[in-house]
Amino acid sequence: MDMKKLEKERIDLYKTTVKREIEPSRILHQACVFNWRYIDAGYNLNDVLCDYDKMYDANIRFMQQYPHDIYPELGWRNPLKVTRALGNNTWIINEAGDELSIQDNCFMNYDEYDELIKDPMKFLWEKFVPRKNEKLRGTDSGTAVEVSIKEYNELGKYLGRITKAAKDEFGVASMASPSQSRFSSYDAGHELIFNVLRGLKETSKDARKDPEKFKTAIQRIEEVFVKPYYDELYKMESGSDMNSYCDQQYVMLSHSILSPNQFGTFYWPFLKQMGDYAAAKDKIIYIFLESDSERFWDYFQELPKGHFIFAIELDDAAKMKKKLTNVAIAGGFPVFYLSKKSPEDCINKAKELMDTLAPGGGYIMQVDKTLAFRNDAKPENLRALCQFMLKQ
Amino acid sequence: MSLTGIDITTYPDGYRKIIDSLDFLPDDNAVREKFMLNFFKTIVKR
């Protein structure tokens with residue numbers, strides 16, 4: 001098989017799907033898998049996440065045995081060697097080595113908002129970073145950074161190697177454009193406060209306690225992390241990168257604690273800016289939309305048509321596709337079919353979903369929850385779904 | 001690159017020391033600052 005031709009066909013199908021102008025000739029199938037692939041390959045997470053040869057082997061085997069059209073994550077998500085070099089132990093792997101979890105941490109005190117607002121970079125570097133990384137507290141902190149940067153470069157080499165293998169051996173393109181790679185999850189001020197600084201419980205209280213101060217903190221973070229990036233991006237050429245599926249890859253999680261009004265104040269300005277950019281420069285934005293989002297769909301309707309794809313988790317795919325005619329959707333396949341049902345049941349469910357969601361375009365098949373734990377899927381079920389989707 | 005024994009815990013001085021040490025990159029301040037920002041964002045969020 002000509003892998004270059006297959007890769008091009010997939011990229012064209014992806015962009016056609018997102019545009020929602022014509023119906024694509026087939027429905028693409030996108031992987032939504034984190035650590036399940038390592039467990040399925042027989043690895044202990046402590047070993048595989050700290051050994052790029054093992055990680056490479058596990059990802060190659062996953063692509064061989066469970067062929068999808070798109071793999072949004074091939075090893076960047078848990079850079080344990082980079083973070084452990086700094087003494088960051090917030091990720092916990094269980095004794096059996098088959099479960100990874102992260103605690104809801106609070107690394108910033110409420111009375112430090114003024115300091116954060118005054119100079120976000122200074123606060124993050126001098127207060128937050130040493131609290132999270134125990135080796136960055138003393139006079140020899142440079143040594144830890146040196147080791148971590150070496151590991152960061154090794155991670156970069158690994159990602160280059162696996163991305164090339166996906167392309168050359170499996171005809172799978174890069175998920176996002178390398179030219180847009182500075183954009184990342186948690187650039188939104190609300191995500192940074194929620195995921196990194198204050199944690200779920202405290203963030204929720206902060207938004208009610210002093211909404212103006214909370215909003216100012218979000219704006220200041222975005223002035224530092226987002227504005228310079230857009231200044232740069234607007235100078236770059238227009239048009240979607242024809243060597244990757246989308247241009248930017250982003251994750252939304254912190255919206256899960258917001259009411260519609262709060263979303264309008266604390267999050268929507270960030271998303272609107274993204275939409276304005278996508279429309280002005282003809283870009284495609286992929287958003288991994290965790291939790292549910294229906295209460296924000298009135299906002300999402302304002303996003304420019306043909307530039308966004310949401311990979312959904314708890315939302316009803318059919319309802320969302322009907323209401324949001326401006327965006328494409330990936331998701332909807334119930335993950336419990338993979339864990340509890342038979343291969344035939346999985347194929348029948350895929351047929352049912354495609355009958356409902358494929359007409360008119362704008363749909364990509366994907367499971368509705370990330371495969372992370374051993375029991376999230378029976379191998380024979382995922383294999384059957386993958387084979388069916390490739391042949392349809 | 002060598003940061004052995006160096007205290008990098010202050011901003012902007014310590015942060016700058018890291019940027020100046022990135023000698024595996026071209027001698028271009030913009031390139032080194034961009035690399036450092038990406039590294040910084042990785043350790044902040046992960």
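How many residues apart in helix H8 of chain A are A:Lys157 and A:Glu154, and about how many helical turns separate them? I will come back to that pair in a moment, after a word on what we are looking at.

This is a predicted model, in which local features need pLDDT of at least 70 and side-chain atom pairs count only at pLDDT 80 or more, while totals for chains, interfaces and linings use all residues. Residues are numbered from 1 along each chain as its sequence is written, chains are lettered from A and ligands numbered from 1 in the order in which they are written, and side-chain values use heavy atoms, with hydrogens and water left out.

Now to the opening pair. The side chains of A:Lys157 and A:Glu154 meet in a salt bridge at 3.1 Å, N to O, a salt bridge being a side-chain nitrogen of Lys or Arg within 4 Å of a carboxyl oxygen of Asp or Glu. The two residues are three apart in helix H8 of chain A, and so about one helical turn separates them; helices here are DSSP runs of H or I with at least four residues, strands are runs of E with at least two, and both are numbered from the N terminus. A:Lys157 is exposed at 55% relative accessibility, whereas A:Glu154 is partly exposed at 35%, where buried means under 20% relative accessible area, exposed means over 50%, and partly exposed lies in between, for a 1.4 Å probe and protein chains only. Side chains of opposite charge can pair when their charged atoms come close.

A second pair in chain A is A:Arg198 with A:Glu202, whose side chains form a salt bridge at 3.5 Å, N to O. Here A:Arg198 is buried, with 5% relative accessibility, while A:Glu202 is partly exposed at 24%. There is also a network of salt bridges that links A:Glu9, A:Arg10, A:Arg26 and A:Asp69, and a search of the whole structure finds 32 salt bridges over all chains.

Let me turn to chain B, which has two helices and zero strands. Of its 46 residues, 50% are buried, and its C-alpha trace spans about 25 × 25 × 15 Å along the principal axes. Within this chain, B:Arg16 forms a salt bridge with B:Glu33, with the closest N and O atoms 3.0 Å apart. That pair links distant parts of the chain, since B:Arg16 sits in helix H1 (residues 13-21) and B:Glu33 in helix H2 (residues 29-45), 17 residues apart.

Finally, the interface. In all, 39 residues of chain A are in contact with 28 residues of chain B, contact meaning heavy atoms within 4.5 Å. Two salt bridges are found across this interface, and A:Asp187 forms a salt bridge with B:Lys41, the closest N and O atoms being 3.2 Å apart. On the side of chain A that touches chain B, the elements giving two or more residues are helices H5 (80-84), H7 (120-132), H8 (141-170) and H9 (189-197). Helix H8, the helix we began with, gives the most to that side, with nine residues.
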